[in-house]
Amino acid sequence: MERNPMRRQLQTLRKSLFDQGYLDDQFVQLEELQDDANPNFVEEVVTLYYRDSGRIILNIEQALERKPFDFNKLDAYMHQFKGSSSSIGAKKVKAESTLFREYCRSRNGEGCMRTFQQLKKEYATLRRKLEAYFQLARQAGPVETACRPK
Amino acid sequence: MASALPSGDMGAAEANSGNGGQMQKKPFTFNEIVLRNRLTALVVDGDNFCRLLEQGILQAYGLETQSVNNGDAAVELIASGAKFDLILIDMLLPILDGVEATRRIRAMGMRCKMLGVTACSGERERQAFLAAGVDVFVEKPLGPEILIPVLRELDGQV
């Protein structure tokens, strides 16, 4: 049982990210790679994700402004985006990515546009929640963990 | 001092129930393997983030890694004589796709373990990648439940 109130709050916040379906077990795998030598590994990975994937989002937005839709290009962009998103455990974002790709394959432009709007919402929401989580984690300070064998 | 994650202009979203967030003990974690031998790996992924992440994960397990961002570069590297114990290769790659790159790498006689790590999830893609020569088809993300048994095998621990 965590005695530090801030760490309890952190645990609650973390649990909510999983309970509400924003994150899956892949995020846990990233946390397990974090150690004393790399205490901010997860935050660094997530920061890199949002930086890189932001460019893909922009590419997709621009591609959706061009008619007729190049579904092959849209699918390729989303393939890349889905891969990145799944690598940080972004569960809802990954789900919307999968749906978008299905609409690409069925050449459904309306479906693509609708799904992309939802994807951007999930993407932004996750970013806000993770920002809050990492900020709280920094305030709560490091927790003692067993050292990973080298 | 909070550092914001790279921003966009997005709105709010509804929350849905997830998997309960209960952390069940995973069958494998990174600290369940310590390599006894020097193992090398090549990561082939056109996405900068995925490439860096997969390299980071392999390095955390103790492997020495190289990476390239397209299939043609991977084939060139192997053709130049570079040898690896493990290759992680994505399916959709610039210049030369992962399926064809795998085929060419195998045609050169490279018999190392190859994992096709891709965001593709269809059965057709899976069969195509396996037919080209990957040993395992993995839908991203690559987790320890797949990676650790592979590393144990490569390290002679099995």
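## Cavities in the model

A cavity is a set of grid points where a 1.4 Å probe fits but cannot get out. In this predicted model, two cavities of 30 Å³ or more are present.

## The largest cavity

The space in the largest cavity comes to about 80 Å³. Its lining is made up of 11 residues. Those nearest the centre are Q29(A) and L33(A) from chain A, with I57(B), Y61(B) and P144(B) from chain B.

Two elements each give two or more residues to this lining: α2 (25–32) of chain A and α5 (144–154) of chain B. The largest share, three residues, belongs to α2(A). By class, seven of the lining residues are nonpolar, three are polar and one is charged.

## The second largest cavity

About 50 Å³ of space lies in the second largest cavity. From chain A, Q26(A) and S87(A) line this cavity. From chain B, the lining takes in L53(B), E54(B), I57(B), P141(B) and L142(B).

Helix α1 of chain B, residues 48–60, provides the largest share of the lining, three residues. The lining divides into four nonpolar, two polar and one charged residues.

## A residue at both cavities

In the largest cavity, I57(B) is among the lining residues that lie nearest the centre. In the second largest cavity, I57(B) is one of the lining residues, along with others including L53(B) and E54(B).

Technical notes:
Residues numbered from 1 in each chain as written. Chains lettered and ligands numbered in written order. Predicted model: local features only at pLDDT ≥ 70, side-chain atom pairs only at ≥ 80, totals over all residues. Heavy atoms only, no water. 1 Å grid on protein atoms, 1.4 Å probe; cavity = no way out; pocket = protein on both sides within 12 Å on 5 of 7 lines; lining within 4 Å. Points joined across faces, edges and corners; volume = space filled by probe spheres on them. Helix = DSSP H or I, 4+ residues; strand = E, 2+ residues; numbered from the N terminus. Nonpolar A, V, L, I, M, F, W, Y, C, P; charged D, E, K, R; others polar.
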